[in-house]
Amino acid sequence: MTDEKSLSPSTQNSLHDHPPGSGDTQPENTIGHGGELHQIVGKDGNHADGAAHLTDNFGHRIADNENSLKAGQRGPTLLEDFILREKIFHFDHERIPERIVHARGSGAHGVFECTKAIPELTKASIFQKVGNSCPVFARFSTVTGGAGSVDTPRDVRGFAVKFYTDTGNWDLVGNNIPVFFIQDAIKFPDLVHSVKMEADRGYPQAASAHDTFWDFVSLMPESLHTVMWAMSDRGIPRSLRMMEGFGVHTFRLVNAAGEAHFVKFHWKPVQGIQSLVWDEAVKVSGADSDYHRRDLFESIDHGDFPAWELGVQVFDEAWAKKQPYDVLDATKLIPEEEIPVQIIGRMTLNRNVDNFFAETEQVAFLPTNIIPGIDFSNDPLLQGRLFSYLDTQKSRLGTTNFHQIPVNAPKCPFNNFQRDGMMQTLVPRGRANYEPNSLAEAGEEGGPRECSETGFTTFPANNERNAPEEKLRIRPDSFADHYSQPRLFYRSQTDNEQAHIASAFVFELSKVQLPHVRKRVLSQLRNVDETLAKRIADGLAITLPEKAKAAKEPVDLGHSDKLSIQKQAKGDMAGRTIGILFAQGSDLTGIEQLKNVITKAGGTPYLVAPKVGGIPVAHGVLKADGQLAGSPSVLFDAVATVLTPDAAEQLTHESAAVQWLMDAYAHCKTIAHCKGSQALLDKAGVKKDKGVIMLDELAKAGIARHWQREPTVRELA
Ligand code: HDD
């Protein structure tokens, strides 16, 4: 145990004593308590096999964990059984309120490293020198569904990162989409109520395809831009590792001289961006409802650490004023062609959580967690968020002391005169719990003091754009153009991506029961792009309604290639999983060679067979990683078949095998096969194209999706 007397005031409140970058929160098998750490597993008295003694919460050893205390052989259970009561009492209270949004999430620890120093832009200590680093905790989430919902609905994804810097925690609480549905925080409860399950019927879960969401967005044209993104392939990411992240709002960077620039934050996945196709997302939900969570956990577990580059778009007030949109409007993005993204750092997630509840569930992100050198802007959405998050943590975590939970505590010293409260775990000493005090003059500990040089100071900005004095409940005119940027987004997509967007609208609106809502969506979309509106109307077999009156007529903003996933696609195998189907008699050497090719390229081979326990192959016995019916091809980025003609023929009578290839083909995946597999390919309707290749061509061909195949396998809107 730590010698209490030797603790300095600053270390008294520090729950952690690890160097930045270690990614650690606590030594193994310890719990934080009173500012010190107590070992759960004592050195003495362990069982012979090394296991610790089972105790109750107060350290009393338990002799029997199988039977409650009863009056006689078959008599009633006794109230005096404190062991039973404590166990059930604790269990009854295991759940805490789930997040009202972003309830379903997956998190991991890692490290952030500065790769480009920007002292001219910010005094934030982390960006002063290349190589400066700090631990991070990242949590990715869906927005709409409950904590137990599936990973692959069409939805925006949360992308929240907590940087434990040496000047305090900085939380960048963003999404995988650079814009947001609403401009003013006062509309957030309405937005969320409309998209979550409908209030009377309690469904649909984790889906926007229902009346109330489309009713709301059709009445709020400002939401159209984010709706376009959500209807695009961005709304169904292949993996949490393969999506971009955005801070969304315009923030400020402030340098040591007190000069400020506006900034937008971007996360660029080193793994590349990749999405599912809708049919695949639907099937993945059934095949593996934890698809994203498992993928993140396993990639970290295997040492294939996901990484993102942190980028910034920096601009000043003068540039901002010249734009046809307002940079304080969170429904607008700044095209990268206008202001390029400069890469300044890299985040690597390298450690899975030890305990999901303690870390991923209890992590509390606060946009108010900001560090000297970074500041807010007057974006009215951001301003509302600055209230909301602190509030929600109190209701989720039950106490104002949620900052003491290890995943939330800063890794630098923290000291103040905030005291007491529920679940207080710190034990401050002395009587200095107020300030100013002169106790130090009497030789007592006087506690911490403010520091005007190093402390956080707010950038003394003018009220951007608006006259300062009046109190107004208004939307500025500069927020009035709701259509130009959705148009820019739509027109920047490939033909095939545009078809996906149109089909997504058709799907969602086909689930809408209220005909006037469908019509209103279309009347809004006519302002974005007439051809898109027409495609959707055709897909729904309804007539195009009148165009909605625009608050401000849209302008043509051209194209931005960075808004398209397919224009930035990476075809390599790194970080991807390739399913290999084999059966009795398959060529073991061929399978081994294939596995080598895949592993060498940084991919993961996954063996699939009709039976898992080991089947005879030429020459040997081979165990599969997954059984055919439980490992559909939607779980893989590409597939390969190594089959004898006899086995292929036999599998033509197995619907799971036929479906395996049919889906891979319909989802435009690479299919590598041997000659022996032909019968199965034929049965599945797989036709030769650039993506249907022989096994030995895989290394060279890579595993990009073959979108030119799509019109032959699917009728898109
Ligand atoms: Fe929010 C959670 C992202 C607007 C109120 N939000 C939450 C999370 C993310 C975002 C990633 C999950 C954090 C985690 O993993 O624990 N939210 C955003 C973005 C927004 C946004 C990118 C717009 C640009 N949010 C927003 C507004 C409000 C909230 C306007 C309220 C006025 N958000 C919340 C919340 C949550 C939350 C209710 C639920 C759980 C939590 O905070 O910790 O306070």
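My notes follow, topic by topic.

**Ground rules.** I am working with a predicted model, where local features need pLDDT of at least 70, side-chain atom pairs count only at pLDDT 80 or more, and totals for chains, interfaces and linings use all residues. I number residues from 1 along each chain as its sequence is written.

**Annotated positions.** I looked up the "active site" annotation in UniProt. The unreviewed entry puts it on H102 and N175. UniProt positions are in the numbering used here, feature names are shortened, and annotations may be inferred rather than shown by experiment. The two positions are spread over 74 residues of sequence but cluster in space, with a largest C-alpha distance of 10.4 Å.

**H102.** I found H102 in the loop between α2 (82-92) and β3 (105-114). Helices (H or I, at least four residues) and strands (E, at least two) are DSSP runs, numbered from the N terminus. Is H102 buried or exposed? H102 counts as buried because it has 22 C-beta neighbours inside 10 Å. The cut-offs are 20 or more other C-beta atoms within 10 Å for buried, 12 or fewer for exposed, and partly exposed in between, with C-beta atoms placed from the backbone. Leaving out residues up to four places away in sequence, H102 touches S141, V143 and G158. Contact here means C-beta atoms, placed from the backbone, within 7 Å.

**N175.** N175 sits in strand β6. N175 has 25 C-beta neighbours inside 10 Å, so I log N175 as buried. With residues up to four places away in sequence not counted, N175 touches V156, R157, G158, F159, F246 and V248.

**Ligand shell.** I then checked the 26 residues around the ligand; R99, H102, R139, G158 and S388 come nearest. A residue is near if its C-beta atom, placed from the backbone, lies within 6 Å of the molecule. Which element gives the most to this shell? I found that α10 does, with 6 residues. Elements that each supply at least two residues are β4 (133-142), β5 (157-165), β6 (168-175) and α10 (380-397). I sorted the shell into 13 nonpolar, 10 polar and 3 charged residues. Nonpolar covers Ala, Val, Leu, Ile, Met, Phe, Trp, Tyr, Cys and Pro; charged covers Asp, Glu, Lys and Arg; the others, Gly among them, are polar.

**Sheet.** Last, I traced an open sheet of 6 strands, paired parallel, in the order β17-β14-β13-β18-β19-β20. Its edge strands, β17 (626-627) and β20 (692-694), each pair on one side only. Pairing needs at least two DSSP bridges between two strands. I noted 5 bridges from β13 (residues 577-582) to β14 (residues 604-609). G579 has Y606 in β14 as its bridge partner.

Technical notes:
Two residues are in contact if their C-beta atoms, placed from the backbone, lie within 7 Å.
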